[in-house]
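Hi,

Here is the structure I promised to pass on.

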Amino acid sequence: TLAIAVKASETGTLFKALHASDIVAEIKREWGIEVPESALTLDHPIKQKGTYQIKIQILNSKSEITLIL
């Protein structure tokens, strides 16, 4: 589980959308693991607080992390 503190409105809308680049930077900061942005399955930037399942695929290895905003 990866938790990222974000600023959001009272309705949960993020003030800045979260992109794959933000997620990989947080993975590196929290866990010390370098993951290429292309390894993440993120159809569009995240714009709401919540819990998300993010799929990661590096070569033939697939994994999934829970992202909490």
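One term before we start: I call two residues in contact, or say they touch, when they have heavy atoms within 4.5 Å. Also, this is a predicted model, where local features need pLDDT of at least 70, side-chain atom pairs count only at pLDDT 80 or more, and totals for chains, interfaces and linings use all residues. Residues are numbered from 1 along each chain as its sequence is written, and side-chain values use heavy atoms, with hydrogens and water left out.

Let's begin with helix 1. Helices (H or I, at least four residues) and strands (E, at least two) are DSSP runs, numbered from the N terminus. Helix 1 covers residues 20-31, which makes 12 residues. From first C-alpha to last it reaches 16 Å, close to the 16 Å expected at 1.5 Å a residue (the expected span is 1.5 Å times one less than the number of residues).

Which residues of helix 1 are buried? They are Ala20, Ile23, Val24, Glu26 and Ile27. Buried here means under 20% relative accessible area, exposed means over 50%, and partly exposed is in between (1.4 Å probe, protein chains only). Seen down the axis of helix 1, the buried residues fall within an arc of 160°, so they line one face of the helix; the arc is that of the directions from the helix axis to the C-beta atoms. What covers them includes strand 1 (2-3), strand 2 (13-18) and strand 5 (51-58), among other strands.

Glu26 is buried, with a relative accessible area of 13%, and touches Leu2, Ala3 and Ile4, not counting residues up to four places away in sequence. Ser21, also found in helix 1, counts as partly exposed at 33% relative accessibility. Just after the helix, Gly32 takes a positive phi of about 70°.

Now the core. A nonpolar core is a set of buried Ala, Val, Leu, Ile, Met, Phe, Trp, Tyr and Cys residues joined through side-chain atoms within 4.5 Å. The largest one has 17 residues, and Leu18, Ile23 and Leu67 touch the most other members. Strand 2, helix 1, strand 5 and strand 6 each supply at least two residues, with helix 1 giving the most, 4 residues.

Leu67 lies in strand 6 and is buried, with a relative accessible area of 0%. Leaving aside neighbours within four places in sequence, Leu67 is in contact with residues including Leu2, Ile4, Leu18, Ile23 and Ile46. Leu18, counted the same way, touches Ile4, Ile23, Leu42, Pro45, Ile46, Leu67 and Leu69.

Leu59 sits in the loop between strand 5 and strand 6. Leu59 is exposed, with a relative accessible area of 76%, and has a positive phi of about 55° although it is not a glycine.

Finally, the largest pocket. On a 1 Å grid over the protein atoms alone, a pocket is an open set of points where a 1.4 Å probe fits, with protein on both sides within 12 Å along at least five of seven lines; lining residues have an atom within 4 Å of a point. About 150 Å³ of space lies in this pocket, the volume being the space filled by probe spheres set on the points, which are joined across faces, edges and corners. Strand 5 gives the most to the lining, with 4 residues; among the lining residues are Thr41, His44, Tyr52 and Lys55.

Cheers
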